[in-house]
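Please look at the sequence and the 3D structure below before reading the report.

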Amino acid sequence: MATTTGSCLCGEIHWTVEGRPRSATNCHCASCQKQHGAAFATYGAVVRSKLRVTGEPKRFRSSPDAVRMFCATCGSSLFMDYDADPKTTWVSLGTADCDPNCRPESHAFVASKAPWIELTDGLPQHAGHAPR
Ligand SMILES: [Zn+2]
Ligand SMILES: [Zn+2]
């Protein structure tokens, strides 16, 4: 099976997952905006047990139910885990080193969307979490 691979900006951390993410979402929550320094973050969902990581991302609990992982050297935002979904890890698609063969299906948390961008791609928009 083909793999999807990625890495942080400085190259200290690499990740590989069998196959491709099963779905992807653009997240407009305030935490994603802050952590990514961007209008929104695009995450792909992968099976946690199939994700291989080399290097040690720093962990930050950004909300009571979510942990974000990033490179302590270069700051790249890499992964997010939700306590409620221990079998899934959300991978920042911007760190992929190949086409992850998965496209964003929706915009989540548009209730906190940055006022300085317009969403023109026609994808469904959800005020909070995208339905799974
Ligand atoms: Zn790095
Ligand atoms: Zn978010």
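The text covers a sheet and a metal site.

This is a predicted model, in which local features need pLDDT of at least 70 and side-chain atom pairs count only at pLDDT 80 or more, while totals for chains, interfaces and linings use all residues. Residues are numbered from 1 along each chain as its sequence is written, chains are lettered from A and ligands numbered from 1 in the order in which they are written, and side-chain values use heavy atoms, with hydrogens and water left out.

**Sheet**

Three strands form an open sheet in the order E1-E2-E5, with antiparallel pairing. Strands E1 (3–7) and E5 (51–54) are at the edges with a single partner strand each, so one side of each has no neighbour in the sheet. Neighbouring strands are turned by 15° against each other on average, direction ignored. Strands are DSSP runs (E, at least two residues) numbered from the N terminus, and two of them pair if DSSP finds at least two bridges between them. The axes behind the angle are lines fitted to C-alpha atoms, and angles run from 0 to 180 degrees between N-to-C directions.

E1 and strand E2 (residues 14–18) run antiparallel and are joined by five bridges. E2 and E5, also antiparallel, are joined by four bridges. Individual bridge partners include the following.

| Residue | Bridge partner | Strand of the partner |
|---|---|---|
| Thr-5 | Thr-16 | E2 |
| Ser-7 | His-14 | E2 |
| Val-17 | Leu-51 | E5 |

The hairpin of E1 and E2 has six residues between the strands, and Gly-11 there takes a positive phi near 90°. Trp-15 and Val-17 make up the covered face of E2, whereas His-14, Thr-16 and Glu-18 are on the uncovered one.

**Zinc site**

Which atoms coordinate the zinc ion (ligand 1)? The SG atoms of Cys-8, Cys-10, Cys-71 and Cys-74 do, at 2.3 Å. Donors are N, O and S atoms within 2.8 Å of the metal (3.2 Å for Na, K and Ca), and sites may look incomplete because water is not among the atoms. The site is tetrahedral, with angles of 105 to 116° among its four donor atoms; four donors count as tetrahedral if all angles lie between 85 and 135 degrees. The ideal angle for four tetrahedral donors is 109.5 degrees.

Along the sequence, the donor residues are spaced C-x1-C-x60-C-x2-C. Cys-71 is buried, with a relative accessible area of 0%, whereas Cys-74 is partly exposed at 25% relative accessibility. Buried means under 20% relative accessible area, exposed over 50%, and partly exposed in between (1.4 Å probe, protein chains only).

Note on methods: Four donors count as tetrahedral if all angles lie between 85 and 135 degrees; four count as square planar and six as octahedral if opposite donors are over 155 degrees apart and all others between 65 and 115; anything else is irregular.
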